[in-house]
Amino acid sequence: RGNMTVGDAAKLLHKDASEVIKKLISMGVMATINQELDLDTILLLAGEFGVEVEVKIPVEDDRFETMEENDDPADLQARPPVVTIMGHVDHGKTTLLDTIRSTSVTSGEAGGITQHIGAYQVEINNKKITFLDTPGHEAFTAMRARGAEVTDMTIIVVAADDGVMPQTVEAINHAKAANLPIIVAVNKIDKPGVDPDRVKQELTNYELVPEEWGGDTIFVNVSAKQKMGIEELLEMILLVAEVNEYKANPVKRARGTVIEAELDKGRGPVMRLLVQNGTLKVGDAFVAGNCFGRVRAMVNDKGRKIKEAGPSTPVEITGLQEVPLAGDPFMVFEDERKARSIADKRAITQRESDLGTQTRVTLDDLFQHI
Ligand code: GTP
Ligand code: MG
């Protein structure tokens, strides 16, 4: 496996190699048939031939096989785990995260219904962990699914006084669908008369069996409010992270996923995203969904201005032309021209697919040829 050659690209685009070479030359790329093309060039080339290309970044591929095979192993570095917190409404997810972050800030949101995904990074014993807080209200299924898709592991929060509820089960299903390691945090154990073992018992119906009962699911009893069991929970997260050795290549251009985006009256479109691979820099030209932009300003989860953000970092940026959608893939391109042309093409593809027409090549297809 390696990059796609000019010959491969020609096959994929149903063109003669000579045509492709001519086109490449017209694009300023001197190429021979066996020359390898990078992804940006392939995308651009497809565009030149009028093949609609959808930049659909395969998350698994990006995180595992493709990443490790396409990167120089010497460039791969350990990255912080990305952990989603999921569970039924009011079971204490935001409170738990606030407690974990308590050294830094309190959001003041706990107790209210969470309506968006919050992303934060904490540092414990010099090790970073990125957390995504998801809403538990039943209306927010899509957000939970999205949360699961971009993360490495899930904390399922179950309130000991309430037990397993519909969105607990839903959360477990999202985690399983995304093949994520699960840690169960049985919360609110400070409440009088609660029995955490009842939750454990209930969860055996969903194939989550604690180690002491012969299974392999990590359970931790916690009280987010009384700050009990928090250290143990964090230790378990770091343990799972250590076992899985999450890596990324900070040397290359950034890729990630849009967490949230909105139009701000003063600043224009504002986007929160999770950088999943590569390093995002102020000034980078990018595509997010169908939108094109150039990073104007970037702040971290603590609201501090930063110039660069490596893998597993949640950031907020300005510098977009339009507002992308939550869940949209994000990718930095070599220059503004490329980013703009790809965003334009994606917008056209989108319009066409909305109309139910056209065949198109997705990045998935492209990756299969690499
Ligand atoms: P949604 O995001 O809306 O799904 O809720 P959530 O899971 O984030 O719950 P949240 O953290 O907002 O907490 C809900 C309520 O439970 C609040 O009143 C919290 O104070 C309370 N709570 C959270 N954790 C604990 C705990 O460990 N013990 C007790 N007694 N109460 C808790
Ligand atoms: Mg919440």
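Asp197 is partly exposed, with a relative accessible area of 39%. In this predicted model, the side chain of Asp197 forms a salt bridge with that of Lys200, at an N to O distance of 3.8 Å. Lys200, in contrast, is buried, at 7% relative accessibility, because the cut-off for buried is under 20%. Both residues belong to helix 9, which spans residues 196–203. They sit three residues apart, so about one helical turn separates them. Side chains of opposite charge can pair when their charged atoms come close.

The search of the whole structure returned 17 salt bridges. Several residues join in a network of such contacts. Its members are Glu260, Glu262, Asp264, Arg267, Arg272 and Glu316.

Within this group, Arg272 pairs with Glu262. Their closest N and O atoms are 3.4 Å apart. Arg272 lies in strand 13, residues 268–277. Glu262 lies in strand 12, residues 255–264. Arg272 is partly exposed, with a relative accessibility of 23%. Glu262 is also partly exposed, at 36%.

A salt bridge links Arg267 to Asp264, with 3.8 Å between the closest N and O atoms. Arg267 has a relative accessible area of 39% and is partly exposed. Asp264 counts as partly exposed too, at 23% relative accessibility.

Terms used:
Residues are numbered from 1 along each chain as its sequence is written. Chains are lettered from A and ligands numbered from 1 in the order in which they are written. This is a predicted model: local features need pLDDT of at least 70, side-chain atom pairs count only at pLDDT 80 or more; totals for chains, interfaces and linings use all residues. Side-chain values use heavy atoms; hydrogens and water are left out. A salt bridge is a side-chain nitrogen of Lys or Arg within 4 Å of a carboxyl oxygen of Asp or Glu. Helices (H or I, at least four residues) and strands (E, at least two) are DSSP runs, numbered from the N terminus. Buried means under 20% relative accessible area, exposed over 50%, partly exposed in between (1.4 Å probe, protein chains only).
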